[in-house]
Amino acid sequence: MRQPYRAVLLTGDHRLLGYVEPGTKLTEHAGIGHHLVQGIERLLGTPARVVWAGRDAPPQHDDENLYETAASVAPLATPEHGAIGRYLLNHDRRAFVDKATVLENETRHRIHPLPLLTAEPVPAADDRHTVGDHTLIGSWARALISVRDTVPNGFEQLKFDLIERR
């Protein structure tokens, strides 16, 4: 099943900031260097709660899920220019992912960790096009995340080992 996803940004207290419409298949737009994901990274210079919200997620309240609720506000414009940090920081867990250590597949494609770490709902096992530690998928959904060039003291590295199968 190929459900559409929206990258949804929330405030620290879970209020809706806006969304970006990146694409259908989760890994379709989730490559290191993809322009839309880089634009979302630029929005994360200030920490925000992030969810790659799927259309088929179960409803939260008012019979809507976050994918549907996000459509009630205007989409966010992603900056095309500006610095992009090396590290994804999860401020809730005090953890980070170093994008420079993400593994590549046989075609030299490297998955960008942000969409997979923040996916909600987690794709069904038969819909996954990756190998590696699948418990990572969705493990950062709704966490307070930023993108920076430095890692604060006390943050521990999370090994992101998912590789896209071709």
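How many of the six residues of strand β8 are buried? Five of them are, which leaves β8 mostly covered. "Buried" here stands for under 20% relative accessible area, with exposed being over 50% and partly exposed in between (1.4 Å probe, protein chains only).

Before going on, a word about the model. It is a predicted one, where local features need pLDDT of at least 70, side-chain atom pairs count only at pLDDT 80 or more, and totals for chains, interfaces and linings use all residues. Residues are numbered from 1 along each chain as its sequence is written, and side-chain values use heavy atoms, with hydrogens and water left out.

**The whole chain**

The protein chain has three helices and 10 strands. Helices (H or I, at least four residues) and strands (E, at least two) are DSSP runs, numbered from the N terminus. Read from that end, the order is β-β-α-β-α-β-β-α-β-β-β-β-β.

Along the principal axes, the C-alpha atoms fill a box of roughly 40 × 35 × 30 Å. The radius of gyration is 15 Å, which agrees with the value near 15 Å for a compact globule of 166 residues. That radius is taken over C-alpha atoms, and the globule rule is 2.2 Å times the number of residues to the power 0.38. Of the 166 residues, 47% count as buried.

Let's look at how some strands line up. Two strands pair if DSSP finds at least two bridges between them.

| Strand pair | Bridges | Direction |
|---|---|---|
| β4 (residues 87-90) and β5 (residues 95-98) | four bridges | antiparallel |
| β4 and β8 (residues 143-148) | four bridges | antiparallel |
| β3 (residues 48-54) and β8 | three bridges | antiparallel |

Strand β4 is covered on both faces: Tyr87 and Leu89 are buried on one side, Leu88 and Asn90 on the other. Its residues also have partners in both neighbouring strands. Leu88 has Val97 of β5 as its bridge partner, while Tyr87 is bridged to Arg148 in β8. Asn90 stands opposite Ile145 in β8, and Ala48 stands opposite Ile145 too.

What do β4 and β5 form? The answer is a hairpin, with four residues between the two strands. In that turn sits Arg94, with a positive phi of about 55°.
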